[in-house]
Amino acid sequence: MVKATGPAIADALTEQSDEMLMSRYREQAQTEDFNELVRRYERELYRYLARYMGDRALADDVFQNTFLQLHLKRGLYEDGRPLRPWLYAIATHQAVDALRKAGRHPTVSLDQRIEGADRDPGALIDLLTGDEPGPLVEMQSEERREWVRQSIAKLPEGLRQTLILAYYQDLKYREIAEILKIPVGTVKSRLHAAVAKLAEMAKAAGPTENGSVP
């Protein structure tokens, strides 16, 4: 994985915004600026790639390629352009391309333990269960996680991608719109559709004879 700067240098750069660092890196190509951007994004971007791709080795390769592309495309960066959605767009494009070359489809590994991960699908599960009794309410925590993982993997790619960016990466609608190059209204409609489909799955997932949920 790309190495970040040492603590002393990183401290000196903390006052700089992502956009200021990127603009300066475009003009001066200073290693310290690049490494600071890697340090800021390495955990969240790697977690996103690992969740979306379901393969840590591939995710690591794509993570490296993403920052290589950031370096190669630095001349295209426009002053003031929000860096996060641009970086995620590069990462998503690299991930889709890598999966296509590998002959694989995106998977969702929400249940795998990713080092440094501090979020879980609790909010999404709460949204799906609500106050109504149903199969999810009866499940244990780990069973719910597994059900969510399997169900999200069954969603169409556009809905799955949008759901992961919104619920697991906690990105804003306008950021997701820029990453996926779709209108904000489409982001909202995709999220609505994804949650509705999951709710339908939850409603349809009746208990089996032994009491478990298929």
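Predicted model: local features only at pLDDT ≥ 70, side-chain atom pairs only at ≥ 80, totals over all residues.
Tyr48 and Tyr88 are both buried. The rings of Tyr48 and Tyr88 form an aromatic pair. A pair of aromatic rings is described by the distance of the centres and the angle of the planes. For Tyr48 and Tyr88 the centres are 5.2 Å apart, with 50° between the planes. That makes the pair tilted. Tyr48 sits in helix α3 and Tyr88 in helix α5. The two are 40 residues apart, and their pair links distant parts of the chain.

How many aromatic pairs does the structure hold? The count is 6. Another of them joins Phe34 and Phe67. Here the arrangement is edge-to-face, with 90° between the planes and 6.0 Å from centre to centre. Phe34 belongs to helix α3 and Phe67 to helix α4, so their pair ties together parts that are 33 residues apart in sequence.

Which residues does Phe67 touch, leaving aside its neighbours within four places in sequence? They are Phe34, Leu37, Val38, Tyr41, Leu45 and Leu87.

Now step back to the core. The largest nonpolar core has 55 residues. Leu49, Met53, Phe67 and Leu70 have the most contacts inside it. Several elements each give two or more residues to this core: α2, α3, α4, α5, α8, α9, α10 and α11. Which of them gives the most? It is α3, with 11 residues.

Two packed helices are described by the angle between their axes and the distance between the axes. Helix α3 covers residues 31–53, and helix α9 covers residues 157–168. They pack at an angle of about 150°, and their axes lie 11 Å apart. Their crossing is right-handed. On the α3 side, the contact is made by Tyr48, Arg51 and Tyr52. On the α9 side, Glu157, Gln161, Ile164, Leu165 and Tyr168 take part. What kinds of residues are these? The contact has 5 nonpolar, 1 polar and 2 charged residues. Tyr48 is the buried residue from the opening pair.

Next comes α4. Gln69 has its place in this helix. Is Gln69 buried or exposed? Its relative accessible area is 19%, and buried means under 20%, so Gln69 counts as buried. Beyond its neighbours within four places in sequence, Gln69 is in contact with Ile90 and Gln94.

Helix α2 has buried residues of its own. They include Asp18, Leu21, Met22, Ser23, Tyr25 and Arg26. Just after α2 comes Ala29, which takes a positive phi of about 50°.

The last stop is helix α8, where Val148 has its place. Val148 has a relative accessible area of 1%, so it is buried.

How values were computed
Residues numbered from 1 in each chain as written. Heavy atoms only, no water. Axes fitted to C-alpha atoms, helices over the stretch in contact; angles between N-to-C directions. Helix = DSSP H or I, 4+ residues; strand = E, 2+ residues; numbered from the N terminus. Left-handed = near helix turned anticlockwise from the far one by under 90°. Contact = heavy atoms within 4.5 Å. Nonpolar A, V, L, I, M, F, W, Y, C, P; charged D, E, K, R; others polar. Core = buried A, V, L, I, M, F, W, Y, C linked by side-chain atoms within 4.5 Å. Buried < 20%, exposed > 50% of the residue type's maximum accessible area, 1.4 Å probe, protein only. Phe/Tyr/Trp six-rings, centres within 6.5 Å; stacked < 30°, edge-to-face > 60°.
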